[in-house]
Amino acid sequence: MAIKEYLLSVSFLLLLTLVPFTTQSKPNANPFGFLKSLEGSKKGQNVDGLHQLKMYLRKFGYLKNHHVSQNEVTTSSTIKEDNKLFDESLEKAIKLYQRNYRLNTTGHLDGATVKQMMNPRKWPSSKYELTFKILSKTLVPGAGNMTVMVTASLNTWRQYSPFMFQEVPEDSKSDLVFGFFNGDHGDGRPFDGPKGILAHAFYPQDGRSHYDATEDWSEDPGPDQFDLYSVPLHEIGHLLGLAHSADPSAVMYPTINPGERKRGLQPDDIQGIQAIYGPI
Ligand SMILES: *[C@@H]1O[C@H](CO)[C@@H](O)[C@H](O)[C@H]1NC(C)=O
Ligand SMILES: *[C@@H]1O[C@H](CO)[C@@H](O)[C@H](O)[C@H]1NC(C)=O
Ligand SMILES: [Zn+2]
Ligand SMILES: [Zn+2]
């Protein structure tokens with residue numbers, strides 16, 4: 001069965017999005033510092049401390065339990081210290097991570113990958129109350145009420161994260177901005193007309209989330225329409241710092257079919273957002 005899939009693309013502004021991890025009492029302590037000592041690891045090697053990398057990749061959704069080789073403990077999120085073989089499934093998980101962050105898909109833990117892994121893109125705790133606005137001039141007539149859909153999508157994420165969202169008047173500055181655009185719209189990521197790329201968003205703390213005005217959007221999508229709730233729900237995940245997931249049921253899976261509706265966050269999405277911001 002040939003199912004056409006459409007890409008929900010995410011843009012990468014590396015310089016703008018590399019955020020210092022936190023401002024805690026030990027300013028130089030990076031919780032992902034262990035990655036530095038693993039730099040250069042590749043398939044076939046036995047490396048002390050590699051279990052931490054496996055836990056990291058599992059925590060962020062790149063290494064699934066069912067990708068884990070048989071001798072691993074699959075019943076808990078803990079991976080034993082003696083699990084230090086850089087195996088096929090680890091290589092796959094690293095390649096997936098590298099693809100998601102537009103790094104070279106070397107499959108080994110190169111310097112660029114370590115650097116990226118040590119700087120998860122996130123909002124600082126001082127910015128957990130995010131303002132948002134919808135560019136009303138860009139709205140597509142007949143698509144549905146974007147204010148209602150965006151508010152519903154934001155509320156969905158709010159249930160599982162420390163964020164609060166507040167709409168502000170259009171002429172004020174806001175943390176998050178939602179708008180519909182056609183073709184080249186000035187951010188170096190032109191839209192491609194109907195189908196294909198539906199929307200894109202930028203990682204923290206950029207806040208922009210753009211929707212292709214030429215798509216057939218609907219609050220209640222028919223078989224050829226795209227869901228005005230599911231797509232913002234996905235893009236907001238990027239706005240908050242999540243990358244794509246390999247789990248097809250997840251909101252953060254990179255593609256959606258016409259007529260498809262994602263109703264709420266899946267365990268993989270919840271695990272992802274709470275891996276960044278902690279449980280609530
Ligand atoms: C990817 O590989 C090319 C060629 O080796 C190199 O020039 C480039 O800097 C690499 N990019 C990243 C992000 O590491
Ligand atoms: C969208 O819904 C909101 C809340 O119900 C309403 O205030 C607003 O006027 C609606 N916008 C449009 C364009 O219909
Ligand atoms: Zn995406
Ligand atoms: Zn754009």
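In the predicted model described here, F180 is buried, its relative accessible area being 4%, where buried denotes a relative accessible area under 20%, exposed one over 50% and partly exposed anything in between, computed with a 1.4 Å probe on protein chains only. The model is a prediction, in which local features need pLDDT of at least 70 and side-chain atom pairs count only at pLDDT 80 or more, whereas totals for chains, interfaces and linings use all residues. Residues are numbered from 1 along each chain as its sequence is written, chains are lettered from A and ligands numbered from 1 in the order in which they are written, and side-chain values rest on heavy atoms, with hydrogens and water left out.

The aromatic contacts are considered next. Rings of Phe, Tyr and Trp (for Trp, its six-membered ring) are taken to pair if their centres lie within 6.5 Å, with planes under 30 degrees apart counted as stacked, over 60 as edge-to-face and the rest as tilted. By this rule there are 10 aromatic pairs. One of them joins Y128 and Y277, whose ring centres are 5.8 Å apart and whose planes stand at 85 degrees, so the pair is edge-to-face. Because Y128 lies in the loop between helix 5 (111–117) and strand 2 (129–134) while Y277 belongs to helix 8 (residues 267–277), this pair ties together parts that are 149 residues apart in sequence; helices (H or I, at least four residues) and strands (E, at least two) are DSSP runs, numbered from the N terminus. Y128 counts as buried at 19% relative accessibility, and Y277 counts as buried at 10%. The rings of F180 and W217 likewise form a pair, with centres 6.1 Å apart and planes at 75 degrees, so this pair is edge-to-face. Since F180 is placed in strand 4 (residues 176–181) and W217 in strand 7 (residues 217–218), the pair ties together parts that are 37 residues apart in sequence. W217 is buried, with a relative accessible area of 2%. Y128 and Y277 also belong, with F163 and F165, to one aromatic cluster.

The zinc ion (ligand 3) is coordinated by the NE2 atoms of H234, H238 and H244 at 2.0 to 2.1 Å, donors being N, O and S atoms within 2.8 Å of the metal (3.2 Å for Na, K and Ca); water is not among the atoms, so sites may look incomplete. The donor residues of this ion follow the sequence spacing H-x3-H-x5-H. H234 lies in helix 7 (residues 230–240), and H238 lies in helix 7 as well. Their side chains make a polar contact of 3.1 Å, that is, a pair of N or O atoms within 3.5 Å in which, within protein, one must be able to donate a hydrogen and the other to accept it, residues adjacent in sequence counting only if both atoms are side-chain atoms. H234 counts as buried at 1% relative accessibility, H238 counts as buried at 0%, and H244 is buried with a relative accessible area of 9%. An unreviewed UniProt entry places the feature "binding site" at H234, H238, H244 and M252; such positions are given in the numbering used here, feature names are shortened, and annotations may be inferred rather than shown by experiment. These residues span 19 residues in sequence, yet no two of their C-alpha atoms are more than 9.1 Å apart, so they gather at one spot.

The protein donors of the zinc ion (ligand 4) are H185 (NE2), D187 (OD), H200 (NE2) and H210 (ND1), lying 1.9 to 2.1 Å from the ion, and their sequence spacing is H-x1-D-x12-H-x9-H. Because H185 is located in the loop between strand 4 and strand 5 (199–201) and H210 in strand 6 (residues 208–212), the pair ties together parts that are 25 residues apart in sequence. H185 counts as buried at 18% relative accessibility, and H210 is buried with a relative accessible area of 6%.
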